[in-house]
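Subject: Structure for your files

Hello,

The structure you asked about is below, and my notes on it follow. Please read them with the model open.

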Amino acid sequence: VLDTPELLANRAASGFAARARSAVQARGEFTVALSGGSTPAALYGLLASPRFCGYILWPSVRVFWGDERCVPPDDADSNFAAADRALLSRVPLPNANVHRMKGELEPRLGALDYREQLRAHFGESTTRFDLVLLGLGPDGHTASLFPHTQALEVVDSTCVANHVRTAPVAPWRLTLTYPAINAARAVWFLVEGEGKAQIAAEVLDGPENVLALPAQGVRPSDGELLWMLDRAAARLLK
């Protein structure tokens, strides 16, 4: 728990840079799945700043996404567009190292395309990211794993199209599944603000109900699970 959103972003940026450097030294590359939403914006800005940018070996970073709205990549609601503005266009990251979800495709074709991208990079063995960044929605969703949607039941695929009838924008989404997320070496939740306090307490302290609170289904099988919250978001935790 960090006292302010600024300290949360700094903690996440420091950890991101350290993990990136360690992964490159150990395996020659750092693979990260970025999150959408507003909370990561401060993190992305810090990573692109002089304080952190030069510390990260960007030519050895491979960027993926946890989810995407089914919209074109230049759409205001695109997770790719948000990350590109805040981070990707501001650091020396080769275009070939950016593996975006193609939200402009028909949803099921977009999911198939991303599964092929993951297979091409990770091979036929388990897709294993070095780091997956996640947020927490007010309804307990994370990535585009929304309550009571079909994607929650998937056990044999890394990426699927998920229809979210309650979504006010782009009801069709592309999302990593639990098997892909839970195979990661590290999964971090970034949660901030008074508006997230109740749902954070339900997810972390309440009874288990993954169908209603999909964030509870994130349990890395052989990796680190870290929740970073600012003081406002953590105020109801036991």
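The lining of the largest pocket is made up of 14 nonpolar, 13 polar and 6 charged residues. In this count Ala, Val, Leu, Ile, Met, Phe, Trp, Tyr, Cys and Pro are nonpolar, Asp, Glu, Lys and Arg are charged, and the others, Gly among them, are polar. This is a predicted model, in which local features need pLDDT of at least 70 and side-chain atom pairs count only at pLDDT 80 or more, while totals for chains, interfaces and linings use all residues. Residues are numbered from 1 along each chain as its sequence is written, and side-chain values use heavy atoms, with hydrogens and water left out.

Pockets

The largest pocket holds about 630 Å³ of space and has 33 lining residues, with Gly36, Gly37, Ser38, Arg69 and His141 nearest its centre. Strand E3 (67–69), helix H4 (79–86) and strand E4 (131–134) are the elements that give two or more residues to that lining. The second largest pocket has a volume of about 270 Å³. Its lining has 16 residues, and His148, Thr149, Gln150, His163 and Val164 lie nearest the centre. Strand E5 (residues 159–163) supplies the largest share of this second lining, 4 residues. By class, the lining of the second largest pocket has 7 nonpolar, 6 polar and 3 charged residues.

On terms: a pocket is an open set of points on a 1 Å grid over the protein atoms alone, where a 1.4 Å probe fits, with protein on both sides within 12 Å along at least five of seven lines; lining residues have an atom within 4 Å of a point. A volume is the space filled by probe spheres set on the points, which are joined across faces, edges and corners. Helices (H or I, at least four residues) and strands (E, at least two) are DSSP runs numbered from the N terminus.

Strands and the crossover

Strands count as paired if DSSP finds at least two bridges between them. E1 and E4 pair in the parallel sense over 2 bridges, with Val32 opposite Leu131 in E4. E4 also pairs with E7, again in the parallel sense, over 3 bridges, and there Leu133 has Trp188 as its bridge partner. Leu131 and Leu133 point one way from E4, Val132 and Leu134 point the other way, and all are buried (under 20% relative accessible area with a 1.4 Å probe, protein chains only; over 50% is exposed, in between partly exposed).

E7 (residues 186–191) runs parallel to E8 (residues 224–229), joined by 6 bridges, and Leu190 is partnered by Met228. With helix H7 (residues 197–205), E7 and E8 make a right-handed β-α-β unit: with the strands pointing away from the viewer, the path from the first strand over the helix to the second runs clockwise. Ala197, Ile199, Ala200, Ala201 and Val203 of H7 are buried, and the buried residues of H7 pack against E8.

Loop residues

Thr39 sits in the loop between E1 (30–34) and helix H2 (40–47). Thr39 counts as buried because its relative accessibility is 13%. Beyond its neighbours within four places in sequence, Thr39 is in contact (heavy atoms within 4.5 Å) with Leu190, Val191 and Glu192.

Ala143, in the loop between E4 and E5, is not a glycine but has a positive phi of about 50 degrees. Ala170 likewise has a positive phi, near 50 degrees, and is found in the loop between E5 and strand E6 (172–176).

Regards
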